[in-house]
Amino acid sequence: MAVFDSLFADVLFAITALVAILVLYVKYQRTYWQRRGVPSLPISHWLFGNAKDLFMMKRSPALLIGELHQQGSDKDDLLGIYMFHKPFLLLRNPELIKQILVKDFSYFPDRYFTARSFKDEIGSTNLFTIENPQWRYVRTKVSPVFTSGKIKKIFDLIVVTADSMSKYLEQQFLDGTRTKSILIKDVALKYTTDIISSVAFGIEVNSFDPEKETFFKKTQEGVRMTLKRGIQFAIKFFFPQISPYIGGQMLGSSTDYFRKVFWDSLDAREASKTKRGDLIDFLIDLKNEKQETDFKFKGDALLSQSAIFFLAGRESSVTTICFTLYELAKNPEIQKRTRDEIREKLKEHGMTYEGVQSMKYLHQVMSETLRLYPPAPLLDRVAVENYKIPGTDIVLEKGMPVYVALCGLHRDPKYHPDPLRFNPDRFSDENKNNMVQCTYMPFGEGPRICIGVRLGFLQSAMALIAILKDYESSLDPTCERDIDNLSVFISPVDDFRIKLTKL
């Protein structure tokens, strides 16, 4: 009995000692910013650090970190925060943001986020996730797909898809009802799926046709945001070292389906020897060229480029379309002004590329939506070597994650007066030039700015034109939430609804 008591006492002492060491380690780690003279926020939770509501799934990560940004004082150019015990740095000063994202890009060429996985090369090797110098090689090779000239050639495809969406909406009103609650996120997803599938995979689909929506259904099955997927994405953003071990695939359960679609399309295009100038053509060239790099374009590394453009191009435009209609529903006078311009320009130019580009107020409306609802709201970088912040004695250690929280920066009253007010006139010709550089960056900034900005803006504008010229948008009280708390990105909830009234 005495031996047992002694053993129990030894085990209890060892456990107590380990817990004490762990507590002391965490406490020491949480003085990281204080020891370096960096302003930081008080720890709000003993376990979760400054991000309790994020890990409890009570708040969208983008909105929560945006709120942390806003808790700093006006004089704080940067702000240290903690997730669990790990230190992260928020950039708050536009000059410093420009310094790190643009001028000193060589110190911060990579994202902190990673989708590296032992089981998912598609998530690990795409343009969004790969590191330099492989990133620069891929970016240089695929950039020609997204020039203004190429985007202009896609316009006819967008017109056809917008017409399909208009016919789909008309069918919802065949019973003579003038006002209907519409699952507008579902409509926007079908619309963007049809456009982006052509550019990314070189295929034509019609998601609005019930007999031809297999591709759309497979997409939804594979990428729908679930609790498990939301946790996996949060880990990839904030604790990427764990990412290779958590499993999951970027295309989810539909990976094999997308793999077949991609290779069938690529092989058919290669055999036909025809060129359309889309992403598939450039990937064929990359597949066949003698690459003088360790990064080889073959297998899933090729599919990966189409997959990331498909997913990012789809989701970002869905967010823009849904929240523009949402804000116009809350601001009927702005909605009327937007509709009047659309109808006037359509009467003057017809449904043409030049006509869409002439709709200045519509573009202001979309820009204001992107200020309040930036689809990719966390710009993340990681120091690849020690970096001394100019004008200070602060040294960021190699491996330090650096964030720009757009939901904080875009809503900072220092740069955007009355920031929660939806005011498209911020982006008028008279006012937009007064906006401080690097205080509005919905598509990022610097060399890693979003490659598909032009296409995303055009397809979002065309969807809004097709809807607003024929319908009035109003709020649906049954839609209780707008932003999906499970997503690291700014995304409308799955059952996002808007009331449309036929004019």
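Begin the tour by selecting helix H18, which gives the largest share of the lining of the second largest pocket, five residues. Helices (H or I, at least four residues) are DSSP runs numbered from the N terminus. A pocket is defined on a 1 Å grid over the protein atoms alone, as an open set of points where a 1.4 Å probe fits, with protein on both sides within 12 Å along at least five of seven lines; lining residues have an atom within 4 Å of a point.

The model is predicted: local features need pLDDT of at least 70 and side-chain atom pairs count only at pLDDT 80 or more, while totals for chains, interfaces and linings use all residues. Residues are numbered from 1 along each chain as its sequence is written, and side-chain values use heavy atoms, with hydrogens and water left out.

**The pocket**

Next, select Ser367, Phe427, Lys432, Tyr440 and Phe457, which lie nearest the centre of the pocket among its 23 lining residues. Helices H18 (360–372), H20 (429–432) and H21 (453–468) are the elements that give two or more residues to this lining. The lining divides into twelve nonpolar, six polar and five charged residues. The pocket volume is about 620 Å³, taken as the space filled by probe spheres set on the grid points, which are joined across faces, edges and corners.

**The loop between H20 and H21**

Move to Gly444, in the loop between H20 and H21. Gly444 is buried, with a relative accessible area of 10%; buried means under 20%, exposed over 50% and partly exposed in between (1.4 Å probe, protein chains only). Beyond its neighbours within four places in sequence, Gly444 is in contact with Leu379 and Ile449, contact being heavy atoms within 4.5 Å. Show also Asp380: its C-alpha atom is 9.6 Å from that of Gly444, although the two residues are 64 apart along the chain.

**Two cysteines**

Select Cys438 and Cys450. The structure holds zero disulfides, a disulfide being a pair of cysteine sulfur atoms within 2.5 Å. The sulfur of Cys438 is 16 Å from its closest cysteine sulfur, in Cys450, too far for a bond. Cys438 counts as buried at 3% relative accessibility, whereas Cys450 counts as partly exposed at 37%.

**The nonpolar cores**

Finish with Ile184 and Tyr191, which touch the most other members of the largest nonpolar core, of 102 residues. Such a core is a set of buried Ala, Val, Leu, Ile, Met, Phe, Trp, Tyr and Cys residues joined through side-chain atoms within 4.5 Å. Helix H15 (residues 300–330) supplies its largest share, 14 residues. Apart from this core lies another, of 26 residues, including Trp33 and Met441.

Technical notes. Ala, Val, Leu, Ile, Met, Phe, Trp, Tyr, Cys and Pro count as nonpolar, Asp, Glu, Lys and Arg as charged, and the others, Gly among them, as polar.
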